[in-house]
Amino acid sequence: MSSEHVENAHNVRNTHSARRTYSAYGDGGATMALKILVAGGFGAGKTTLVGAVSDIRPLRTEEPLSEAGRGVDDTEGVARKTASTVAMDFGRITLHAGLSLYLFGTPGQDRFWFLWDELSEGALAAVVLADTRRLEDCFAAVDYFERRRIPFVVAVNRFPGARAYAVHDVSHALDLDRGTPVVLCDARDRDSGKDVLIRTVEYAGRVHTARLLDSVS
């Protein structure tokens, strides 16, 4: 692990409030750092998205798929996948001067769900990646964030050859709460991934502002 990864992970882990974390980076100025989770089912493209948008070399904890795991991991539709995240992915992107996002990609398999509570600590919001060939795989992530009232955006990763669906059809199929955004993306493309993150931050800002106003009214 590089010294840059260690420094970034240390700063995020010791954040008391990920919504307003100020650290010195680049130009030496104060930077607001927001913690964003990237979740979804097995093989939905979480590692790909974090790697595509990160300004730094992403930290990955992928391990090759083993024969022992073939009876546990459902690889239907992602037969070409040869590795899986076993802890988390970590990356960082600066959207503009003064605003950086720390990205934490969660493991997709059920047996690693014990890590989610710690990873979600202090998160402003989340991106739930969805694969329309295996849409049911993201049900658990949607339920998780809804129960914990963490704002999230569903990003439909457009895999080659996958059937295209309108965003309102995806929203209906996932039984999303009214107003939860659904966007289309290509997890391999930096600009596409960046657009998803901007949409996520904007949506989370509206949600948290509304909650704050409700609490003081």
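Visitor: What is the relative accessibility of Asp117?

Guide: Asp117 has 43% relative accessibility, so it counts as partly exposed. Buried means under 20% relative accessible area and exposed means over 50%, with partly exposed in between (1.4 Å probe, protein chains only). This is a predicted model, where local features need pLDDT of at least 70 and side-chain atom pairs count only at pLDDT 80 or more, while totals for chains, interfaces and linings use all residues. Residues are numbered from 1 along each chain as its sequence is written, and side-chain values use heavy atoms, with hydrogens and water left out.

Visitor: Which side chain meets Asp117 in a salt bridge?

Guide: That of Arg148, at 3.5 Å from N to O. Asp117 is in helix 3 and Arg148 in the loop between helix 4 and strand 8, so the pair ties together parts that are 31 residues apart in sequence. Arg148 is partly exposed too, at 36% relative accessibility. A salt bridge here is a side-chain nitrogen of Lys or Arg within 4 Å of a carboxyl oxygen of Asp or Glu. Helices (H or I, at least four residues) and strands (E, at least two) are DSSP runs, numbered from the N terminus.

Visitor: How many salt bridges does the whole structure have?

Guide: A search finds five. One of them joins the side chains of Arg190 and Asp55, 3.0 Å apart from N to O. This pair links distant parts of the chain, 135 residues apart: Arg190 is in helix 6, and Asp55 is in the loop between helix 2 and strand 3.

Visitor: New topic. Which residues of the largest nonpolar core touch the most other members?

Guide: Val128, Phe145, Phe152 and Val154, out of 29 residues in that core. Strands 2, 6, 7 and 8 and helices 3 and 4 each supply at least two of its residues. Helix 4 gives the most, with four. A nonpolar core is a set of buried Ala, Val, Leu, Ile, Met, Phe, Trp, Tyr and Cys residues joined through side-chain atoms within 4.5 Å.

Visitor: What is Val128 in contact with?

Guide: Leaving aside neighbours within four places in sequence, the contacts of Val128 include Ala39, Cys138, Val142, Phe145 and Phe152. Contact means heavy atoms within 4.5 Å. There is also a second, separate core of 27 residues, with Val53, Leu197, Ala204 and Val207 among them.

Visitor: Back to helix 4. Which of its residues are buried?

Guide: Ala141, Val142, Tyr144 and Phe145. They cover an arc of only 160 degrees around the axis, which puts them on the same side of helix 4. The arc is that of the directions from the helix axis to the C-beta atoms.

Visitor: Why would that happen in a helix?

Guide: An α-helix has 3.6 residues a turn, so residues three or four places apart point the same way.

Visitor: What comes after helix 4?

Guide: Arg149 follows, and its phi is positive, near 55 degrees.

Visitor: Last one. Where is Gly41?

Guide: Gly41 sits in the loop between strand 2 and helix 2. Gly41 is buried, at 4% relative accessibility.
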